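Thanks, everyone, for making the time this morning.

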Amino acid sequence: MNTVFAHINALNQDDFTKLFGALYEHSPWIAQQAWKARPFQDEEALLAAFRDVVAKAPSDTQMLLIREHPELARKVGVDDTLTAASQNEQSSAGLDRLTPAEHARFTASNEAYRAKFDMPFIICVRLSEKDHILNEMERRTRNTADEERRAALAEIDKIAAIRCRDVLKTLETKA
C-alpha cells in the first residue's frame, strides 16, 4: 500500500468525508458510508466502495442523488446551485459557450428529457463534447425510466471516478 492510501485509511470519518464528500454532487453521505469499507488497497478499491454505496441505496435515495445534478447548458448565473466542479466540467465540454441555436436545442432537449423522466439528464461531460452530449440526450430520451435511471447512475459513477482521481493526484503531489 502506498503512502497516499496509508494516509486515506488513517483518516477519521469526518476528514474522509471532507476529502471525498464532493465526489457525488451535494451528496457527502456517500463518502460517509464508503469510509466504513476501509482499508482501501488502491484506487479501484476506493472507487468500488463509492459505487457500492450508490448501488445499495434504495431507489428513492438514488433518485434524490440523480436530482442533485444540475441541468446541462444552463445560462451562466441562472443556476446558483451549480458546484465549482460542475461548472468547470461543463466549461470543459464547451457548454458555457453555446451559440443561441445550440442553447435553444439544449433547452428543448432538457425540457423533453425532464418531462419524460422528472430528472436532469446526466452524462460525464469531461468524457464528451457538446455535440455528443446533445445526441446522447436525444437518444436516451427514448429509454424507459428504469433504463435511464441505471444510465444516469453509471454516468454519476464516471463523474465521481474522475473527481476522485483529481483528489488522489492532489494527495500524491503533497506526499
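This is a predicted model: local features need pLDDT of at least 70, side-chain atom pairs count only at pLDDT 80 or more; totals for chains, interfaces and linings use all residues.

With a cavity taken, on a 1 Å grid over the protein atoms alone, as a set of points where a 1.4 Å probe fits but cannot get out, the count comes to two cavities of 30 Å³ or more. Grid points are joined across faces, edges and corners, and a volume here is the space filled by probe spheres set on the points. Residues are numbered from 1 along each chain as its sequence is written, and side-chain values use heavy atoms, with hydrogens and water left out.

The largest cavity holds about 110 Å³ of space. Its lining, meaning residues with an atom within 4 Å of a point, is made of 13 residues, and those nearest the centre are His69, Pro70, Leu72, Ile123 and Ile159. The elements that give two or more residues to this lining are α6 and α9, where helices are DSSP runs of H or I with at least four residues, numbered from the N terminus. The largest share, three residues, comes from α6. By class the lining of the largest cavity divides into seven nonpolar, three polar and three charged residues, where Ala, Val, Leu, Ile, Met, Phe, Trp, Tyr, Cys and Pro count as nonpolar, Asp, Glu, Lys and Arg as charged, and the others, Gly among them, as polar.

The second largest cavity has about 30 Å³ of space, and it is lined by Glu89, Cys124, Val125, Arg126, Ile159 and Ile162. Its lining has four nonpolar, no polar and two charged residues.

Now to the open spaces, where a pocket is an open set of points with protein on both sides within 12 Å along at least five of seven lines. The second largest pocket contains about 170 Å³ of space. Which elements give two or more residues to its lining? They are α6, residues 84-92, and α9, residues 145-174. Among the lining residues of this pocket are Glu25, His26, Asn88, Glu89, Arg126, Arg163 and Asp166, and by class the lining has four nonpolar, three polar and five charged residues.

Side chains of opposite charge can pair when their charged atoms come close. Counting a salt bridge as a side-chain nitrogen of Lys or Arg within 4 Å of a carboxyl oxygen of Asp or Glu, the structure holds 13 of them. In one, the side chains of Arg163 and Glu25 meet at 3.0 Å, N to O. This pair links distant parts of the chain, with Arg163 in helix α9 and Glu25 in the loop between α2 and α3, 138 residues apart. Are these two residues buried or exposed? Taking buried as under 20% relative accessible area, exposed as over 50% and partly exposed as in between, with a 1.4 Å probe and protein chains only, Arg163 counts as buried at 7%, and Glu25 counts as buried at 1%.

Arg140 and Glu148 form another salt bridge, at 2.4 Å from N to O, and both of these residues are buried. Asp146, by contrast, is partly exposed, with a relative accessible area of 38%. Asp146 forms a salt bridge with Arg149, the closest N and O atoms being 2.9 Å apart, and the two lie in helix α9, three residues apart, which is about one turn of the helix. Asp146, Arg149 and Arg150 are linked in a network of salt bridges.

Next, helix α5, residues 59-67, whose buried residues are Gln62, Met63, Leu65 and Ile66. Seen down the axis, these fall within an arc of 155°, so they line one face of the helix, the arc being that of the directions from the helix axis to the C-beta atoms. The face turned away from this buried side carries the exposed residues Asp60 and Leu64. The buried residues of α5 pack against α3 (29-34), α4 (43-56) and α9, with contact meaning heavy atoms within 4.5 Å.

Finally, Leu11 lies in the loop between α1 (3-10) and α2 (13-20), and is buried, with a relative accessible area of 12%. Not counting residues up to four places away in sequence, Leu11 touches Phe16, Leu19, Trp35 and Arg38.
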